[in-house]
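The following exercises are to be worked through with the sequence and coordinates at hand. Each task is followed by a stepwise solution.

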Amino acid sequence: MQPCPLCQEKESILFHSYETFTLVMCKSCQLIYRLQVDQVQQEQLIKNIYDSTWVAMRDIYAMNTFKEHASFGALLLDMFFRKKGKLLEVGSGTGEFLWLAKETAWQVEGIEPSAVACEYAKERYGLELRNERWEMSIFEEDEKFDAIVFWHVLEHIPSPISFMKQVNSLLAPGGRVLFSLPNQHSLTNVLQGSSSPLFVEEDHLIHYAKRHIEQLMALSDFEIISLFSREEPTRLEYDLRIHPAGTPNMTERDKTKMMVGLQSGWHGHEIYCVAEPRHE
Ligand SMILES: [Zn+2]
C-alpha cells in the first residue's frame, strides 16, 4: 500500500469506492487521497476532462470567472505582493486570470497542459501559454519569479511535497506563492459526505483541509503569510435560492451573518494560501 502523500503514514481507511476509483483517508492526518495516487494516468485524464466541451463551458462562464475568481486573485496580488515583476501561473486554463494580471502590469507566463485551452487563451486573450505539464525541466536554470500562482491545481498533483519544493526553488528573493484549492471541510462536503460533487471528481487526487496545507507548507520550507477559507457570495446566494426550505424567511442580515460564519468557521468552498520561503 502506498503511504500518505503528506505524512507518509502507511495505514489508511476506506473513504469511498466510486465506479472508477477509490478514495482513502490517512489514519494519522485524515488527508483524503486516491488509492494508488502515484499510478494515475494524468495525461489521459487531462485529455478526457479538459477538452473542447470543457473550454466551451469555460467560455460561457468567462464573465463569472472574471467577477468571482480572476478579480479576487488580482486583489490578493495587490494586497500581498510588494512589487509587480514576473508572475508564473501553473495551470492557466482558458487564461482569464493571466490576462487580468497582465493588464495590471505583471509580466506573465503560464503553463497549461490542455492544448484546446491554450488555443482558446491565444485567440481570446492573446496569451502565449506553454502547452506543457508541470515539469521543472521546462525552466531555464536561472529562471526566477516574483509570484507563482495556481488556482485549483494542487488537488490534481500526486506528489505535493516535491511540487511545493520545486515552486519554492523557482521564487526570486522576496517572491511569494499564492494559491487556492477546494476545502475538504467545505459545507458541501460536510453536508453531502462522499457523494459531494467535489469528492466524485476523478481528477481530484488529494483532498486537503486547513491543517494539511499548514503541514505541506512546513514540509516544503514555506512560511505562511495568510491562510483562509472563502465562499463566493454569488454561489451562496444560489444555494440559498435553490434550498429555500432550509432557510425560511432569511433576511439579508442573516444571510450576511451566515456568510461570515461560513468563512470564519473554515467551511468555505475554497482554501486560499499566501506564503514565502522560510528564512533560516
Ligand atoms: Zn497522512
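**Exercise 1.** In what order do the 4 strands of the open sheet lie, and is their pairing parallel or antiparallel?

*Solution.* The model is a predicted one.
- Step 1: Reading across the open sheet gives the order β1-β2-β3-β8, and the pairing is antiparallel.
- Step 2: The edges are formed by β1 (12-17) and β8 (206-207), each of which pairs on one side only.
- Step 3: Within the sheet, β2 (residues 22-26) and β3 (residues 32-34) run antiparallel and are joined by 3 bridges.

**Exercise 2.** Describe how helix α2 packs against helix α5.

*Solution.* 
- Step 1: Between α2 (residues 52-60) and α5 (residues 115-125), the axes come within 9 Å and cross at roughly 35°.
- Step 2: The crossing of α2 past α5 is right-handed.
- Step 3: On the α2 side the contact involves Ser-52, Trp-54, Val-55 and Asp-59, which meet Val-116, Ala-117, Tyr-120 and Arg-124 of α5.

**Exercise 3.** How many disulfides are counted, and are Cys-29 and Cys-118 buried or exposed?

*Solution.* 
- Step 1: The criterion is a pair of cysteine sulfur atoms within 2.5 Å; the count is 0 disulfides.
- Step 2: Buried means under 20% relative accessible area.
- Step 3: Cys-29 has a relative accessible area of 2% and is therefore buried.
- Step 4: Cys-118, at 10% relative accessibility, also counts as buried.

Definitions and conventions. Residues are numbered from 1 along each chain as its sequence is written. This is a predicted model: local features need pLDDT of at least 70, side-chain atom pairs count only at pLDDT 80 or more; totals for chains, interfaces and linings use all residues. Side-chain values use heavy atoms; hydrogens and water are left out. Axes are lines fitted to C-alpha atoms, for helices over the stretch in contact, and angles run from 0 to 180 degrees between N-to-C directions. Helices (H or I, at least four residues) and strands (E, at least two) are DSSP runs, numbered from the N terminus. A crossing is left-handed if the near helix is turned anticlockwise from the far one by less than a right angle, and right-handed if clockwise. Contact means heavy atoms within 4.5 Å. Two strands pair if DSSP finds at least two bridges between them. Buried means under 20% relative accessible area, exposed over 50%, partly exposed in between (1.4 Å probe, protein chains only).
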